[in-house]
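Please keep the sequence and the model in view while reading.

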Amino acid sequence: MRSIPLQQGIPTSPQEFVSQYGEAVVSAATTAILFLVAFVLIYLVARAVLVRLTAGALDARGFEETVIGLGKRVAGAIALFAALALAATVAGFGTVLAAFATLLGALSLAIGFAAQDLIGNFVAGVFILRDKPFAVGDWIAWPSGSRDKSGVVQDIRLRVTKLKTFDNELITVPNSELSDNAVTNPVADDQLRIPFTFGIGYEDDIEQAKDVIVEEAATIDGLKGDPEPDVILTELADSYVGLTARAYIDDPSRGKYVHTLSAWVQAVKERFDREGIDMPYPYTELTGGIDIDNLAEAEQARADD
């Protein structure tokens, strides 16, 4: 870029202004026009090519529209910065471009450190949308601190996932928390097994109890017969014999799981009561006696009072 020569005196007429500064003004205008034309052409071509290539690559790998849209915006931003840099080089702004690149690098480093959690959530959101460990409407559970949390997925975004708990509370969870922990999705398959351990007394007939549990499962709407429900002895506890029953439900959901299990347990309990099968509970019995020393002296002291 040609520098504007400094001349003494202030022009007093248009002719003098043109004589002193005309060449410099023409040079500056030419440089500006060259920069604008180069920027527009490079940007339009780069944006068209990068956006199309990015969208095609993401779509071929099965990414959802949310991720493809983000990829298009990133490709457009890259095309913008590339067009600025190349247009500045063509126009002869090499020194300005070098200073700008240094400043941009320092700003990028500072922003990267300050927003690393935010960036981590975006990256986690991309992988969640790509791998699809759960979908909107799924009931999921994940560890959070010292206890597990669960809920039904309402919305999956790039930064957060929104879930509704079974107390009708809305939870907004950072995607990094879901991607960094083991997420349980009980409804990922078309079937879900319902296990429950029934306790009977040591004096009760185990085979009779097993038959009752299986027969009552056949009367519950929602419990399917294939695979058939089964019962196995799994525990000899202090006060009961544990029989673990297992059955399956179709098209599982949290509500269907809870209501089906409740109906099954209630039906078995009522049948056990009718057939005299005990469902014992733990209790503690204290035996022995208490010795009191100096009972006579204690009674005399009470009488004196």
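## A residue in a loop

N185 sits in the loop that runs between α5 (175–179) and β5 (191–200), where helices (H or I, at least four residues) and strands (E, at least two) are DSSP runs numbered from the N terminus. The model is predicted, so local features need pLDDT of at least 70 and side-chain atom pairs count only at pLDDT 80 or more, while totals for chains, interfaces and linings use all residues. Residues are numbered from 1 along each chain as its sequence is written, and side-chain values use heavy atoms, with hydrogens and water left out.

N185 is buried, its relative accessible area being 17%; buried means under 20%, exposed over 50% and partly exposed in between (1.4 Å probe, protein chains only). Apart from neighbours within four places in sequence, N185 is in contact with P133, F134, D138, W139 and I140, contact meaning heavy atoms within 4.5 Å.

## Helix α6

The buried residues of α6 are A209, K210, V212, I213, E216 and A217. Seen down the helix axis, these residues fall within an arc of 160 degrees, so they line one face of α6, the arc being that of the directions from the axis to the C-beta atoms. Their cover includes β5, β6 (223–224), β7 (230–236), β8 (241–250) and α7 (254–275).

## The whole chain

The secondary structure of the protein chain comes to eight helices and eight strands, and 29% of its 305 residues count as buried. Among contacts between residues at least 6 apart in sequence, 61% join residues at least 24 apart.
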